[in-house]
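Please keep the sequence and the model in view while reading.

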Amino acid sequence: MSKVVRKTFLLFLFALFFQSHLSFGQRSKSKAYIADLKAITDIMVYDVTSPVAAVRYYAYSTLASYEILTLQENEKYPSFFAIFQRPLKDPLPQRVQLKNEAAAYRYALLFSASKLLPSGKKLIPRIESLKQELEEKEMLFIEQMAQTVIEYANQDGFLQLNNLKRYTPKRGPAFWQPTKPAYMAPVEPNWNSLTPFFLKSADQFLTKPPVQYDLNPASDFYKLLLEVKEVTDENDEEKNEIAAFWDCNPYAISQIGHLEFGLKKISPGGHWMGIAGIAARKARLNLNKTIFTHTLLALVLHDAFIACWDEKYRSDRVRPETVINRHLDKRWSPLLQTPPFPEYVSGHSVVSSASAEILTLIFGPNFSFRDTTEKEFGLKTRSYKSFNQAAEEACISRLYGGIHYRDAIDEGVEQGKKVASFIIAKTKAHFPY
């Protein structure tokens, strides 16, 4: 081998090693960010955070890290504040050149979450460890940005929810009533009063009205009702596994005699944020793209739930469990525990279809993955050939679990897709791909 050839070969090996080392470093940074999000999810599970509140916390926490990113690389990652429906009253802090951008983005995420979450103090050890990697002026800049985002969050109507009129279940067989075992009060009936990020209003994408309540055996409603009972009575093993995997009910309660125990579980939004992390790691996204992916998904989940909750308390439809117990079988119980809020439309259908639209746009239509999100809750890993396949399974799981009629699932899917398409059109200039 000549000296020239040997030198060229050595330079090639060095370049290959440098590129591999750089790629590994980027993957490590992304992995750490995803681990921080998992820590935030764990706190939400501990706090028994409602599905709608969970996505709000994800949205504002990831937004804080993204907006610091945009001040560093504005041309590639424009600020979301410029296209939100609600203008930002306070100016963003003056840009500071960061020496350790990865630590800064993680610090913003965790610091914001620590202030927003009821048990946010559990994040302090992670925050303290990051302080060792940042200068004083960098921490001040990050905390100013986080505080700006938190103040913005405080103006969305969330702090005023407790002052709004309390919900009282309507009289009549067609309307929602609390269900066993705990007969809990309905969750966040005024959530549609919150200001969305992108949607013009909570009712921008209205669904079709639910099938009219009618117990005539020839009616469409009665057919929907029978389908719920018949599917659950099948006791099909595969359908039962699908229902359990996508349960995502933070309010599940186990009852032994006169004692009740809360079964803490992940929320639907938490499940899809977990899937985003799995996809980001498999695709080896760099840190910036990982932050962008999780932020956009969280913002879409936030608006999708506002639209969904607006319809839930408008139609206020009775759950299958209530009707079946009254008129078909007083001993019947759904496979899954009925969540404490009205039936129409299916929340998991709305947010799953919206999530699949976003993640498909980022990772492609044939992105296969193994969903390990529910493994820690004792459920088997499930594999999917695409995000759409996962979403379809998540949606139909509500029928398999006995907690939704089919029309609530179908209309939920349509609403979720409309919300996602609208937001994609507004944010297309932000996509760094």
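## Second largest pocket

By class, the second largest pocket is lined by six nonpolar, seven polar and four charged residues. Here Ala, Val, Leu, Ile, Met, Phe, Trp, Tyr, Cys and Pro count as nonpolar, Asp, Glu, Lys and Arg as charged, and the others, Gly among them, as polar. The model is predicted: local features need pLDDT of at least 70, side-chain atom pairs count only at pLDDT 80 or more, and totals for chains, interfaces and linings use all residues. Residues are numbered from 1 along each chain as its sequence is written, and side-chain values use heavy atoms, with hydrogens and water left out.

The space in this second largest pocket is about 380 Å³. It has 17 lining residues, and Ile34, Lys38, Gly274, Gly277 and Ile278 are the closest to its centre. Helix H1 (3-47) and helix H8 (268-282) each give at least two residues to the lining. Helices (H or I, at least four residues) and strands (E, at least two) are DSSP runs, numbered from the N terminus.

## How space is found

Rolling a probe the size of a water molecule over the atoms shows where empty space is left. The search uses a 1 Å grid over the protein atoms alone. A cavity is a set of points where a 1.4 Å probe fits but cannot get out. A pocket is an open set with protein on both sides within 12 Å along at least five of seven lines. Lining residues have an atom within 4 Å of a point. Grid points are joined across faces, edges and corners, and a volume is the space filled by probe spheres set on the points.

## Largest pocket

The largest pocket holds about 480 Å³ of space. Its lining has 18 residues, with Leu161, Asn162, Pro186, Glu188 and Pro189 the closest to the centre. By class, the lining divides into 12 nonpolar, three polar and three charged residues.

Four cavities of 30 Å³ or more are counted. The largest cavity has about 150 Å³ of space. Among its 16 lining residues, Pro268, Pro339, Phe341, His348 and Arg398 are the closest to the centre. H9 and helix H11 (347-363) are the elements that give two or more residues to this lining. Nine of the lining residues are nonpolar, five polar and two charged.

The second largest cavity has a volume of about 80 Å³. It is lined by 13 residues, and the closest to its centre are Thr179, Met184, Gln337, Thr338 and Pro340. The classes here are eight nonpolar, four polar and one charged.

## Aromatic pairs

The structure holds 31 aromatic pairs. Rings of Phe, Tyr and Trp (its six-membered ring) pair if their centres lie within 6.5 Å; planes under 30 degrees apart count as stacked, over 60 as edge-to-face and the rest as tilted. Tyr77 and Phe292 form a tilted pair, 6.4 Å centre to centre with 55° between the planes. Tyr77 lies in the loop between helix H2 (51-72) and helix H3 (101-116), and Phe292 in helix H9 (residues 287-315), so this pair ties together parts that are 215 residues apart in sequence. Both Tyr77 and Phe292 are buried. Buried means under 20% relative accessible area, exposed over 50%, and partly exposed in between (1.4 Å probe, protein chains only).

Tyr213 and Phe221 are also paired: their ring centres are 4.9 Å apart and their planes at 50°, so the pair is tilted. Phe221 counts as buried at 1% relative accessibility. Ring pairs also build a cluster from Tyr60, Tyr66, Tyr77, Phe80, Phe81, Phe84, Tyr152, Phe197, Phe198 and Phe292.

## Charges over rings

A charge sits over a ring if NZ of Lys or CZ of Arg is within 6 Å of the ring centre and within 35 degrees of the ring normal. Arg86 lies over the face of Tyr152, 3.8 Å from the ring centre. Lys312 places its charged end over the ring of Trp309, 5.5 Å from the centre.

Ser353 is buried, at 5% relative accessible area. Ser355 is buried too, at 1% relative accessibility.

The Ser353 side chain reaches the backbone oxygen of Ser349 at 2.8 Å. A polar side-chain atom of Ser355 lies 2.7 Å from the backbone oxygen of Val351.

Notes
Polar contact = N/O pair within 3.5 Å; in protein donor to acceptor, adjacent residues only side chain to side chain.
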